[in-house]
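Open the model in your viewer and keep the sequence beside it. The tour below goes from one selection to the next.

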Amino acid sequence: HSGSSSSRHPNQVTPKKSGLKNGQMKSKDDECFGDDIDEILDTDFDFEGNLALFDKAAVFEEIETYERRSGTRSRGTPNEKPARYRHDENILESEPIVYRRIVVPQNANKEFCTDSGLVVPSVSYELHKKLLSVAEKHGLTLERRLEMTGVCASQMALSLLGGPNRLNPKNVHQRPTVALLCGPHVKGAQGISCGRHLSNHDVHVILFLPNFVKMLESITNELNLFSKTQGQQVSSVKDLPDTPVDLVINCLDCHENAFLRDQPWYKAVVDWANQNRAPVLSIDPPINEMEQGIDAKWSLALGLPLPLGERAGRVYLCDIGIPQKVFQEVGINYHSPFGCKFVIPLHST
């Protein structure tokens, strides 16, 4: 699907306004209706602008300096000795912020950092699963988690669709269209929850979910609520739009049922997504990159990120309401990286 990648990973350097799209001149329709999502910036919650402001080099330099001074090199570089000071050196310089405020029990094989330079380590799938089940044991039920994920993911999607510029009660004629691709598992249920919230906010949602004889209870419950919205549900790829939609939300993959990828419906939906020129947001994507059929432009991780790679696009993290002591119980030393937000961008270190 070489054609699709260029629209999903736009080259940051090329000016946005040039009439060229994927190397051809824009058609008249495209000029009139095809507003580039990245161009419509949402002042309230501006993902792309926020990334542009982030000075990666400066932040890492600061982390380096801090770690050299305090001797807190991350594990994995044991040969660096802690800094030694001469008797006439002032060691009480104004310390920068303590950047490692989240420590995971096993060595993180990938680390991210927030805009302010706080290091957010990734966790293994096993540890993530354990974290969620301990949270469940304490009353953060699957149902509550689905709702929280749905709210955060839909807020992110609304801002990617253009925020207040595009979604305005007075402007009902140009409702954005979102294709939501869900598999028959909990990740799919998260997507359906997101779809209900989008539909409640006047987005035209087309939900794809394959027909399965026995559905998970969480899927049935979410579908029941979704069916009370204006959203449209389809179970055949033929019923997905053949013109580009504004955004594709991908919830097809889950960790456990890898066999789903061999199903004809799965392959057909992946082909459809790769032919549709819309950018892709993946909610809670799994790590096994090889099998994922669809490249994302953005991915939303839940609670703490898995070690997501290139194909996940730009990674964002969403707060799903897990209390600090639950993190502690599974051996994670945790301070919230979210500040005043529920969804924050992460940068690969």
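Predicted model: local features only at pLDDT ≥ 70, side-chain atom pairs only at ≥ 80, totals over all residues.

Residues are numbered from 1 along each chain as its sequence is written, and side-chain values use heavy atoms, with hydrogens and water left out.

**Stop 1: the sheet.** Select β4, β3 and β13, which form an open sheet of three strands in that order, with antiparallel pairing. Strands here are DSSP runs of E with at least two residues, helices are runs of H or I with at least four, and both are numbered from the N terminus. Two strands pair if DSSP finds at least two bridges between them. At the edges are β4 (119-121) and β13 (347-348), each pairing on one side only.

Next, select β3, residues 111-113, which joins β13 in the antiparallel sense over two bridges. Cysteine 113 has histidine 347 in β13 as its bridge partner.

**Stop 2: aspartate 202.** Go to the loop between α8 (186-200) and β6 (204-208), where aspartate 202 lies. Its phi is positive, about 70 degrees, although the residue is not a glycine. Buried means under 20% relative accessible area, exposed over 50%, and partly exposed in between, with a 1.4 Å probe and protein chains only.

**Stop 3: aspartate 284.** Select the loop between β9 (280-283) and β10 (298-302), which holds aspartate 284. Aspartate 284 is not a glycine, yet has a positive phi of about 55 degrees. Aspartate 284 counts as buried because its relative accessibility is 9%.
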